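Student: Can we go through this structure together? I would like to start with the loops and work up to the strands.
Tutor: Fine, here it is.

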Amino acid sequence: MTTSTEQATAAASGNAATAAFAQKSRSGAASSTERVDTLASELIAAVHDIVRRHKVTYAEYDALKAWLIQVGMDGEWPLFLDVWIEHVVEEVANESREGSKGTIEGPYYVPDAPELPAEATLPMRPGEQGTPLLFQGQVTSVDGTPLPGARVEMWHADDDGYYSQYAPELPEWNLRGTVVADDTGRFAIHTIEPAPYQIPTDGSCGNLIAAAGWHAWRPAHLHLKVSAADHQLITTQLYFKGGSHIEDDIAQAVKPELVLAPTKATNGTGHEVTYDFVLDPA
Ligand code: MBD
Ligand code: FE
C-alpha cells in the first residue's frame with residue numbers, strides 16, 4: 001500500500017497492486033500438468049506465429065525483452081493483465097450465469113472494507129468532490145426471493161481518478177465500504193460519481209499505450225462485489241450513460257446491462273439510480 005510520502009506514480013500504484021495480489025489467498029494448484037502443457041505450449045506457439053508472420057526483428061525482440069523486464073520492475077503485471085486479458089477470463093468464467101452480469105475486478109479491490117448499515121454513506125472526506133449519487137436497489141435470487149443481509153461491497157475512484165490505498169494522501173477506506181442489505185435485501189448507498197479513469201501513463205503500460213498510439217482511458221465506473229449466503233458472488237462494475245469512453249474502454253469491460261442512467265435526486269442534490277442484483281444459487 002502507498003504511504004503519504006510517496007508520489008502518485010505508476011510504480012507506486014503498480015507495486016501496491018502487486019503486493020496486494022501477493023497477499024490474496026488462492027486455493028491450491030491452478031491446474032494439472034497436462035493443462036499447463038497445453039496452455040503454455042499454445043501460448044508460446046501463438047508468439048512463434050506472430051514472429052513469423054510479421055518477421056519480427058532482433059531490435060523488436062530486444063525491445064520486447066526490455067519492456068517485459070520493466071513491467072515487473074514497475075509492479076504493473078496486475079494492471080497489464082487486468083486491463084488487457086481479464087475481460088475474456090470473466091466472459092468464460094460466467095458464461096452460464098443466469099443472474100446479473102458481472103465484469104472484471106481490476107487491480108484495486110481491497111477486502112474487508114468497513115461494514116455499513118443498509119442505508120449508508122461511503123467513507124469520504126469532508127467536501128469530497130463530485131456530484132452526489134444515491135445508488136439503491138434490492139438483492140434477490142434468480143427465482144425472485146429477496147436475500148436478507150446480502151453484502152454489497154462498493155469501491156471506486158475519487159473525482160481526480162484516484163483509489164484509496166493506491167494513491168498517496170487519501171484516507172485508508174476513502175470511497176470503499178461493505179453495505180449489509182436489510183431483511184428484504186434492500187440497500188441505499190450515498191456516494192459521489194467518480195470521474196473517468198486514466199491508467200497510469202508514466203509506467204510500462206503507459207509506454208505501450210503511447211508506442212502503439214492507443215488511449216489510456218476507462219469510463220467512470222463503480223466497482224461492486226455482491227454476495228449472499230448459498231449464492232454465487234458477483235464481481236461487477238457499473239458505468240454512466242453518455243459518459244466518455246463507454247464505447248472505447250481500454251479494458252473492454254463495459255456491457256450494455258451495466259450502464260446506469262441516473263436521474264435528478266428527488267431529495268437533496270445530485271443524482272439517484274436504482275439497480276437490482278440477481279444472484280445465482282451456489
Ligand atoms: C481500474 O480502475 C480498473 O478498474 C481496471 C480494470 C484497470 C485499471 C484501473
Ligand atoms: Fe477501476
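Student: Is Glu169 buried or exposed?
Tutor: Glu169 is exposed, with a relative accessible area of 63%. Buried means under 20% relative accessible area, exposed over 50%, and partly exposed in between, using a 1.4 Å probe and protein chains only. Before we go on, this is a predicted model: local features need pLDDT of at least 70, side-chain atom pairs count only at pLDDT 80 or more, and totals for chains, interfaces and linings use all residues. Residues are numbered from 1 along each chain as its sequence is written, chains are lettered from A and ligands numbered from 1 in the order in which they are written, and side-chain values use heavy atoms, with hydrogens and water left out.

Student: OK. Where is Glu169?
Tutor: In the loop between strand E4 (151-155) and strand E5 (176-180). Helices (H or I, at least four residues) and strands (E, at least two) are DSSP runs, numbered from the N terminus.

Student: What about the phi of Glu169?
Tutor: Its phi is positive, about 70 degrees, although Glu169 is not a glycine. Leu175 also has a positive phi without being a glycine, at about 60 degrees. Leu175 is found in the loop between E4 and E5.

Student: Is Leu175 buried or exposed?
Tutor: Buried, with a relative accessible area of 1%.

Student: New topic. How many salt bridges are there?
Tutor: The structure holds eight. A salt bridge is a side-chain nitrogen of Lys or Arg within 4 Å of a carboxyl oxygen of Asp or Glu.

Student: Which residue does Asp49 pair with?
Tutor: Arg53, with the closest N and O atoms 3.0 Å apart. Asp49 is partly exposed at 36%, and Arg53 is exposed at 56%.

Student: And which one pairs with Glu115?
Tutor: Arg151, in a salt bridge of 3.1 Å from N to O. Glu115 lies in strand E1 (residues 115-116) and Arg151 in strand E4, so this pair ties together parts that are 36 residues apart in sequence. Glu115 is exposed, with a relative accessible area of 55%, while Arg151 is partly exposed at 33%.

Student: What about Arg125 and Glu128?
Tutor: Their side chains meet in a salt bridge too, 2.7 Å from N to O. Arg125 is partly exposed at 29%, but Glu128 counts as buried at 11%. Elsewhere, salt bridges that share partners join Lys24, Glu105 and Lys225 into one network.

Student: Now the inside. Which residues touch the most others in the largest nonpolar core?
Tutor: Phe135, Val139, Ile199, Leu224 and Phe277, out of 55 residues in that core. A nonpolar core is a set of buried Ala, Val, Leu, Ile, Met, Phe, Trp, Tyr and Cys residues joined through side-chain atoms within 4.5 Å.

Student: What is Phe135 in contact with?
Tutor: Leaving aside neighbours within four places in sequence, its contacts include Met154, Ala188, Leu224, Leu260 and Phe277. Contact means heavy atoms within 4.5 Å.

Student: Where does Ala188 sit?
Tutor: Ala188 lies in strand E6 (residues 186-192), and it is buried, with a relative accessible area of 10%. With neighbours within four places again left out, Ala188 is in contact with Ala118, Glu119, Ala120, Leu134, Phe135 and Gln136. Its C-alpha atom is separated by 8.5 Å from that of Thr121, which is 67 residues apart along the chain.

Student: Last topic, E10. How many of its residues are buried?
Tutor: Seven of the seven residues in strand E10 (residues 234-240).

Student: Which way do they point?
Tutor: Ile234, Thr236, Leu238 and Phe240 point one way, and Thr235, Gln237 and Tyr239 the other way. In a regular strand the side chains alternate between the two faces of the sheet.

Student: Which strands does E10 pair with?
Tutor: Strand E9 (residues 221-227) runs antiparallel to E10, joined by six bridges. Strand E11 (residues 259-260) runs parallel to E10, joined by two bridges. Two strands pair if DSSP finds at least two bridges between them.

Student: Which residues stand opposite each other?
Tutor: Leu224 stands opposite Thr236 in E10, and Phe240 stands opposite Leu260 in E11.

Student: What lies between E9 and E10?
Tutor: Six residues, as E9 and E10 form a hairpin. Asp230 in the turn has a positive phi of about 65 degrees.
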